[in-house]
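Subject: Handover of a two-chain model

Hello,

I am passing on the structure below, followed by notes on what was found in it. Please read the notes with the structure open.

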Amino acid sequence: MSEASTLAWRPAHQRPPLLVRARERVGRSRTAIAVSLVVLAVLLPAAVLVPWLDPTAATHADITAVYSPPSAEHVLGTDGAGRDLLVRTLAALRTSFLVGLVAAAVATLIGVTVGALAAATVSWGRGAVDQLLMRLVDAVNAVPHLVLGVVIVAMLGPSVSSVITSIALTHWTTPARLVRAEMLSVQGRDFVDVAIVGGASRWRVTMRHVLPQVASRALLAAVLMVPHAIWHESALSFLGLGMPPHLPSLGAMIQDAQVAVFAGHWWPAFWPGLALVVVTLAVSGAAALLRPRERAL
Amino acid sequence: MRSIPRLVGARLALLLPLLALVTLVVFALAANSPFDPLLARLGSRAFSMSGSELEALRMAQGEPSVLAQWATWWGDALRGDLGVSLSLRQEVTQVIAERLPWTLLLMAVALVLAVGTGLVLGTLAAVRSGGWLDRVVTGTAYVVQASPVFWVALLGMWLFAIVLGWVPAGGLTDPGSDVVTLGALVRHLALPAVVLGLSQAPWFVLVVRDTVREELAAPYVLGAWGRGVSTPRVVVRHALRSGLLPMVTVLGVRVPELVTGAVLVETIFSWPGIASATVTAATSVDFGLLAALTVVTTVVVVLGNLAADVAYRLLDPRVGAAHE
């Protein structure tokens with residue numbers, strides 16, 4: 001979309017919804033996309049390879065080098081146990097990527113299923129099911145996701161699987177709403193009527209004709225959910241309700257760094273948080289590549 | 001206008017079934033929990049009991065179903081009895097009564113700061129659209145949007161409490177004192193409220209910038225300019241006024257995020273609110289407190305959303321009128 005067309009004034013009812021506009025503006029420029037891709041191309045392999053090449057480096061404690069400031073030997077400094085912050089941040093990033101990807105995939109799967117079921121039942125004349133599912137979405141959204149996530153992890157006990165469960169059970173509502181809305185609009189198009197007239201079953205129309213139309217949107221939603229999931233995991237780990245202690249996690253690193261902050265050391269808290277910010281911005285920037293082209297008006 | 005009482009009535013009517021559903025989910029989760037509620041209730045006494053004694057106690061207490069536990073809890077809750085918090089060793093109702101006001105105060109101050117920042121910076125960025133001010137403001141907004149609030153809180157604590165020593169690092173009262181004085185309150189509230197407000201500000205900045213920028217290109221604004229109305233007056237009285245409406249929508253959307261932020265900020269700054277109590281309840285598997293606090297949080301969110309919707313209808317009479 002060009003600058004001119006966004007500046008041209010349209011009465012309120014002709015503008016796209018507010019939150020859509022805010023979301024679509026992120027990463028519009030080519031430079032932003034390029035920078036995001038480069039950052040991910042560096043961080044992803046580093047996060048996977050470094051802990052793999054030297055599995056003990058992230059946990060190697062050196063009590064002679066507790067809280068060393070950033071230096072030539074330890075580029076980002078060391079934490080309270082003398083562990084190298086660069087290696088540890090990369091290892092934590094690997095955990096974050098893993099949990100973020102799996103949790104986003106599970107949440108999107110639940111969301112697409114619920115959203116598709118809701119939209120399909122409308123066209124099958126079972127609007128009550130749709131109403132019920134959408135009220136469920138409202139109910140989940142009425143509890144702040146972190147609070148619900150905290151309750152879920154507290155009840156299931158801290159482990160990788162309960163963190164993923166916690167994220168999936170709180171984040172499926174966004175793709176569910178999105179898929180339902182997209183499918184409702186696709187169901188009104190001519191080719192769907194043609195398929196029905198041609199004798200296709202309800203199931204076939206939904207699975208073969210309608211659902212594939214919303215796949216690209218669902219994929220975009222899944223990618224944009226990865227930073228959310230990473231954030232959620234780190235917030236839970238920060239509260240001590242996330243990853244088991246032996247797994248390096250960005251949130252747990254920041255929690256550990258609280259002691260360092262009181263002692264006046266900024267670096268143990270700074271780097272893991274910066275990693276979260278950079279990953280979040282890079283993933284949302286790169287997601288612009290997946291965005292469907294603006295339809296010509 | 002007529003639709004406002006109906007809107008309030010409809011939402012409040014939905015609140016009770018919603019709370020019933022939310023608590024049912026919490027109870028169902030608790031039933032599948034690996035933690036033994038009997039051991040939690042006994043605490044350290046459990047160590048001095050033999051396996052057969054524990055079994056006998058378990059038999060005597062019985063193992064009611066999820067639905068039965070849930071019904072009993074609601075029966076007591078509606079009579080004003082929310083049970084006892086095991087971790088804080090207090091009546092749950094007392095915990096809420098003592099802590100809820102502090103959370104509401106923190107959230108209210110943070111919200112005022114976020115909205116104020118949004119209005120000022122968003123308008124300035126819109127007026128200077130495309131200029132360096134706009135770039136700095138929107139760029140910063142994106143970075144702050146991506147920054148975890150607990151990270152910002154810790155860095156803020158490091159700079160303002162530890163290095164500069166301007167404000168205390170946490171708590172509500174000065175060391176050695178239990179009395180909350182106004183001066184101490186302001187000093188202790190400043191950093192948590194600014195951090196929480198800052199974390200919510202980008203959404204307001206960006207939405208105000210967008211709407212004001214669009215309205216500045218509107219025919220009626222050009223008309224006002226053409227009539228010789230001064231620029232500040234055009235911006236504030238004409239463009240910003242229409243920019244307020246979408247901001248109210250964002251206000252409603254951000255309420256759950258504000259509560260989420262409060263959970264993290266209260267924990268870091270040892271702020272004695274309900275959000276940090278939720279974390280305490282969760283880490284010590286204090287089920288009674290956790291269930292009650294989930295209900296309180298849900299009520300806060302629903303009422304916050306309702307307030308935003310009512311404000312929207314008051315500001316824009318067109319909304320809702322169409323459905324009459």
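How many residues does the contact take from chain B, and how many from chain A? Chain B gives 47 residues and chain A gives 41 residues. On the side of chain B that touches chain A, the elements of chain B giving two or more residues are α1 (3-31), α6 (132-146), α7 (149-163), α8 (182-216), α10 (231-268), α11 (274-283) and α12 (287-315). Sorted by class, that side of chain B has 35 nonpolar, 10 polar and two charged residues.

Confidence

This is a predicted model. For the complex, the predictor gives an ipTM of 0.80 and a pTM of 0.82. The average pLDDT of chain B is 82, and 86% of its residues score at least 70. Within chain B, helix α5 (residues 92-127) has the highest confidence, with a mean of 91, while helix α2 (residues 37-42) has the lowest, with a mean of 59. Where pLDDT is low, the predicted coordinates should not be read in detail.

The two chains

Chain A has 297 residues, of which 42% count as buried. Its secondary structure consists of 12 helices and zero strands. If contacts in chain A are taken between residues at least 6 apart in sequence, 69% of them join residues at least 24 apart.

Chain B has 324 residues, and 40% of them count as buried. It has 13 helices and two strands. Of the contacts in chain B with a separation of 6 or more, 74% are between residues 24 or more positions apart.

Helix packing

Two packed helices are described by the angle between their axes and the distance between the axes. Two pairs are described here.

Helix α4 (residues 85-123) of chain A packs against helix α10 (residues 202-238) of chain A at an angle of about 145 degrees, and their axes are 7 Å apart. The crossing of α4(A) with α10(A) is right-handed. Residues of α4(A) in this contact include S96(A), V99(A), G100(A), L101(A) and A120(A). On the α10(A) side, T206(A), L211(A), M225(A), E233(A) and S234(A) are among them. By class, the contact of α4(A) with α10(A) comprises 17 nonpolar, five polar and one charged residues.

The second pair joins the chains. Helix α12 (residues 267-286) of chain A and α7(B) have axes that come within 10 Å and cross at roughly 150 degrees. Here α12(A) passes α7(B) in a left-handed crossing. From α12(A) the contact uses A269(A), F270(A), G273(A) and L276(A), and from α7(B) it uses W151(B), L154(B), L155(B) and W158(B). Seven of these residues are nonpolar, one is polar and none is charged.

The nonpolar core

In soluble globular proteins, nonpolar side chains tend to be buried together. The largest nonpolar core in this model has 161 residues. Those that touch the most other members are V150(A), V151(A), F150(B), A153(B), L154(B), F204(B) and V265(B). α4(A) supplies the largest share of this core, 17 residues.

F150(B) has contacts in both chains. Apart from its neighbours within four places in sequence, F150(B) is in contact with A235(A), F238(A) and I254(A) of chain A, and with L264(B) and I268(B) of chain B.

Is D210(B) buried or exposed? D210(B) counts as buried because 22 other C-beta atoms lie within 10 Å. D210(B) belongs to helix α8 of chain B. D210(B) and A126(B) are 84 residues apart along the chain, but their C-alpha atoms are separated by 7.0 Å.

S270(B) is not a glycine, yet has a positive phi of about 45 degrees. S270(B) sits in the loop between α10 and α11 of chain B. With 13 C-beta neighbours inside 10 Å, S270(B) counts as partly exposed.

G80(A) is found in the loop between α3 (30-53) and α4 of chain A. It is also partly exposed, with 15 other C-beta atoms within 10 Å. Which residues does G80(A) touch, not counting residues up to four places away in sequence? They are V66(A), Y67(A), D256(A), V259(A), A260(A) and P268(A). G80(A) and P268(A) are 188 residues apart in sequence, and C-alpha to C-alpha they are 8.2 Å apart in space.

Regards

Technical notes:
Residues numbered from 1 in each chain as written. Chains lettered and ligands numbered in written order. Predicted model: local features only at pLDDT ≥ 70, side-chain atom pairs only at ≥ 80, totals over all residues. Axes fitted to C-alpha atoms, helices over the stretch in contact; angles between N-to-C directions. Helix = DSSP H or I, 4+ residues; strand = E, 2+ residues; numbered from the N terminus. Left-handed = near helix turned anticlockwise from the far one by under 90°. Contact = placed C-beta atoms within 7 Å. Nonpolar A, V, L, I, M, F, W, Y, C, P; charged D, E, K, R; others polar. pLDDT = per-residue confidence, 0-100. Buried ≥ 20, exposed ≤ 12 C-beta atoms within 10 Å, placed from the backbone. Core = buried A, V, L, I, M, F, W, Y, C linked by C-beta atoms within 7 Å.
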